[in-house]
Amino acid sequence: MSNGWPESAAAWIADMGERGDYGRAFVLDAPMLARVRGRGFATALDVGCGEGRFCRMLRSCGLRPIGIDPTEELLREARRRDPDGDYRLGRAEALDFLDESFDLVVSYVTLVDILDVRAATLEMARVLRPGGALLIANLTSFSTAGPSWKYDAGGRPYFTIDRYLEERVEWVSWRGIRIHNWHRPLGSYMALLLDAGLELRHFAEPAPQGGDPAKADRYRRVPYFLIMEWQKPGR
Ligand SMILES: C[S@@+](CC[C@H](N)C(=O)[O-])C[C@H]1O[C@@H](n2cnc3c(N)ncnc32)[C@H](O)[C@@H]1O
């Protein structure tokens with residue numbers, strides 16, 4: 001069964017535009033790039049690169065990223081926007097690269113999309129060189145444990161979560177996009193990353209920086225994203 005990405009690609013590309021959506025432009029991009037710049041990284045793999053926006057950003061920071069994604073429709077757009085970039089068909093669960101190939105591996109809001117996240121975590125750790133970094137942005141697990149925002153009798157919004165410890169996949173839809181999203185407790189992700197032999201170097205729940213005040217207020221009430229940096233031990 002499709003995970004919805006091929007059918008949603010056109011709407012996703014339209015929604016991203018040049019700057020990315022609110023969460024990318026006003027919450028994630030700045031702290032993600034801050035963890036890349038000035039670190040001496042040269043080679044990078046963007047796992048689930050989509051239409052290539054973060055690869056283009058990495059290239060503008062002087063890195064030589066390879067973007068992989070299983071959705072041909074998104075890769076086509078990545079190549080169209082960045083003809084000199086390197087975008088390849090691939091899945092996180094079986095990365096077609098030698099061990100220890102990359103200084104930096106990025107998963108920019110893709111863990112929630114990946115079916116076999118255990119295999120993907122092991123693969124991302126495998127292709128990292130010792131001392132290299134796995135930089136992850138993901139949805140917070142309480143935000144994937146919705147039914148999320150509701151309204152009380154006075155019309156005031158409040159946020160609900162349910163079945164937090166129960167891993168599950170659900171269809172989520174917005175602005176013409178309809179895709180599978182996995183909910184997994186944060187502890188499941190942490191256990192997999194630790195089992196892959198990685199060491200946690202950074203953890204943040206970034207606050208919004210500007211943009212639509214109503215959206216910023218919601219993000220502050222319930223942070224939608226987290227950022228983690230894991231390091232492969234050695235050298
Ligand atoms: C939410 S989008 C994020 C795209 C991009 N990283 C960004 O932030 O704009 C999730 C991406 O994960 C990709 N994806 C889905 N399953 C995947 C898998 N098993 N391995 C790698 N990427 C996958 C989708 O095709 C989609 O491009």
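**Ligand contacts and an aromatic pair**

Trainee: What lies 2.7 Å from a nitrogen atom of the ligand?

Mentor: A backbone N or O atom of Gly48. That is a polar contact (a pair of N or O atoms within 3.5 Å). This is a predicted model: local features need pLDDT of at least 70, side-chain atom pairs count only at pLDDT 80 or more, and totals for chains, interfaces and linings use all residues. Residues are numbered from 1 along each chain as its sequence is written, and side-chain values use heavy atoms, leaving out hydrogens and water.

Trainee: What does Tyr108 do at the ligand?

Mentor: A polar backbone atom of Tyr108 sits 2.9 Å from a ligand nitrogen. Arg24 uses its side chain: an N or O atom there is 3.0 Å from a ligand oxygen.

Trainee: How much of the ligand's accessible area does the protein cover?

Mentor: 98% of the 590 Å² that the ligand has on its own (Shrake-Rupley, 1.4 Å probe).

Trainee: New topic. How many aromatic pairs are there?

Mentor: The whole structure has 10 (ring centres within 6.5 Å; stacked under 30 degrees, edge-to-face over 60, the rest tilted). One of them is Tyr22 with Tyr219, tilted at 45°, with centres 5.1 Å apart.

Trainee: Where do those two sit?

Mentor: Tyr22 is in helix α2 (residues 22-34) and Tyr219 in helix α8 (residues 213-221), so the pair ties together parts 197 residues apart in sequence. Helices are DSSP runs (H or I, at least four residues), numbered from the N terminus.

Conventions
A polar contact is a pair of N or O atoms within 3.5 Å; within protein, one must be able to donate a hydrogen and the other to accept it, and residues adjacent in sequence count only if both atoms are side-chain atoms. Rings of Phe, Tyr and Trp (its six-membered ring) pair if their centres lie within 6.5 Å; planes under 30 degrees apart count as stacked, over 60 as edge-to-face and the rest as tilted.
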